[in-house]
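Have the structure open and follow along.

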Amino acid sequence: MQWKRLIVLIHKEFAIELRQLYAVGGMLLYLVSSIFVIYMAITLKNAQIHPITWNAVLWIIMLFTAVNSIAKSFVQEKKGMLLYFYTICSPVEIILAKIIYNTILMTLLISIGILLYSIVLGNPVQNFITFSIGSILGALGFAASFTTISSIASKASNSSTLMAILGFPIILPILLLVLKISKNAIDDLPINNSYDDMLTLSAIVVISITSSLLLFPYLWKSS
Amino acid sequence: MFKKISTVLTLLFIIAGSLNVTLAQEAEKTSVDMADSLRADGKIYVVVLVVMIVFTFFSMYLLLTDRHVKKWEKEMKEMKESKK
Amino acid sequence: MIRLIEQSWWKYVGIIMVYYTIIAGFLIKAPRLDILNETIRNLFFHVAIWFAMFILLIISVVYSIKYLLNSKTIHDTIASEFARIGIVLGLIGISTGSVWARFTWGDWWVNDPKLNATTIALLIYLAYLVLRASIESDEQKARISAVYNIFAFTAMIPLVFILPRMTDSLHPGNGGNPGFNAYDLDNNLRKVFYPAVLGWSILGFWLASLRVRIRNIKEELIHHID
């Protein structure tokens, strides 16, 4: 695996994305619309939002945004382009480039999402450091798992429904841990309490990335 | 050879199990509710017999299906041999 | 393993083990514990079936890995049928656990991490079946579902084993509850528990192997007709 080729691949992902701005715009619009729908639904009768609900709904929105944005990474590639890349790069580089790109994408989306969410529904988070570390680890976890699931689902016929079916059970451990860490951040517990969860979360992310790197070469053989 | 050893072992299991059961009838402290009345009446044997009957039917059906599949496998093997 | 599947001796061992479990399971002297009373005997059914399910799912993953390395159809057949029977045993385990929970913990379903983890595991394997159904070409189906099987298994293991121990739980052995040893497992119960695990796993193995053989015959027939 060559680092230069990897960087070129990541560059290519960004270039493609920025060329057709409607893809990025679409994801942002999805984020904004879902946040707005939640805002309308919750403040219906001037109801206050409980911190637990705030936490849960935020991460559910992030989950759905992740599924929709990362699903595009393999599904929208035209057949010829994929074959071309397979002949000039090793599969490890391809999947690693996509994972890194998706992580950056997810971090961006999560930051914008949290910003908008706090504007409309308030921000009960007390311990900001814990919250950010948890969110970044969550972004990594979402990106790693969903990229692999997207590569699996793109080979089947019903790919959009399959993304959700295959992805949700696998993302649940990561989601649970992220929810716990943000809950700790909201309750203003010192960062020591969250060390265990963060360690487990990092372990899960490392395991996911390693298994994707090991398994992806077998996937692209069959296209 | 494997088969013989395994059947002997399982027979030993059954013997050991039944010994366990008969030697276990001692007086017990009665501070926690257990199904003592069920045992005293001998009704526990009804439970055991019922479950055993259910499982006997099930295992007989499994063995039948197994024999069925084995017959088809033999036919397939003969067909492959004759085709060679 | 193909030769093992076609032999019969282990099937009789399995049948005898399950008979032993049924007889001894009800008649053996059980420790007298509060809340549980006689339901401790469910150990030989509910818990043993969970263990059996786990063994079958591990065999399924191993054969998925073997398929990726060798590309032999029989390996993929074994992987998918064992996953299928694993799902069946998992459903049995969840329903027996639910009944047990109703009478000991008070509710049909509680917010317990082990319950959540096993539900997720079942969802993963059901998604595996859906994935297999939605791919047309046989070779692609085998390869892609093998990749998903391995990926999902590695994502699931920390969930099932590590998370429940770290959090509060009603299950024994997790979250501060006394482990199995507190239930006097080193006396009588162990004598029935280990044979029960063996018996139920052999039974599950037998069911899966029957399906494998039938699939095999189907494949050979299709092969012949071509």
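In which handedness of crossing does α1(A) pass α5(A)? The crossing is right-handed. Keep in mind that this is a predicted model, so everything here is computed from it.

**Inside chain A**

Let's stay with that first pair. Helix α1 of chain A covers residues 3–19 and helix α5 of chain A covers residues 91–121. They pack at an angle of about 50°, and since angles under 35 degrees count as roughly parallel and 65 to 115 as roughly perpendicular, α1(A) and α5(A) are therefore oblique to each other. On the α1(A) side, the residues that meet α5(A) include A:Leu6, A:Leu9, A:Ile10 and A:Phe14, along with A:Arg5, A:Lys12, A:Glu13 and A:Glu17. Among their partners in α5(A) are A:Ile94, A:Leu96, A:Ile100 and A:Ile104, and also A:Glu93 and A:Lys98. Sorted by type, this contact has ten nonpolar residues, six charged ones and no polar ones.

Now move along to helix α6 (residues 128–153) and helix α7 (residues 159–186) of chain A. Their angle is about 165°, over the 145 degree cut-off, so α6(A) and α7(A) are roughly antiparallel to each other. Here too the crossing is right-handed.

| Helix pair | Angle | Axis distance |
|---|---|---|
| α1(A) and α5(A) | about 50° | 9 Å |
| α6(A) and α7(A) | about 165° | 9 Å |
| α3(B) and α2(C) | roughly 170° | within 9 Å |

The α3(B) side of the contact includes B:Ile44, B:Tyr45, B:Val48, B:Met52, B:Phe55 and B:Asp66, while C:Tyr12, C:Ile15, C:Tyr19, C:Ile22 and C:Phe26 are among the α2(C) residues. By type, the contact residues come out as 16 nonpolar, two polar and three charged.

B:Asp66 has another link to chain C: its side chain meets that of C:Arg213 in a salt bridge, 3.2 Å from N to O. B:Asp66 sits in helix α3 of chain B and C:Arg213 in helix α7 of chain C, so the pair joins two chains. Side chains of opposite charge can pair when their charged atoms come close. Over all chains, the whole structure holds 14 salt bridges.

**Between chains A and C**

How many salt bridges are there between chain A and chain C? The count is zero. What you do find is 30 residues of chain A in contact with 26 residues of chain C. Together the two chains bury about 2,500 Å², 81% of it on carbon and sulfur atoms. On the chain A side, A:Ile170, A:Leu215 and A:Tyr218 supply 22% of the area buried against chain C, more than any other three residues.

Technical notes: Residues numbered from 1 in each chain as written. Chains lettered and ligands numbered in written order. Predicted model: local features only at pLDDT ≥ 70, side-chain atom pairs only at ≥ 80, totals over all residues. Heavy atoms only, no water. Axes fitted to C-alpha atoms, helices over the stretch in contact; angles between N-to-C directions. Helix = DSSP H or I, 4+ residues; strand = E, 2+ residues; numbered from the N terminus. Left-handed = near helix turned anticlockwise from the far one by under 90°. Contact = heavy atoms within 4.5 Å. Buried area = accessible area lost by both parts, 1.4 Å probe. Salt bridge = Lys/Arg side-chain N within 4 Å of Asp/Glu carboxyl O. Nonpolar A, V, L, I, M, F, W, Y, C, P; charged D, E, K, R; others polar.
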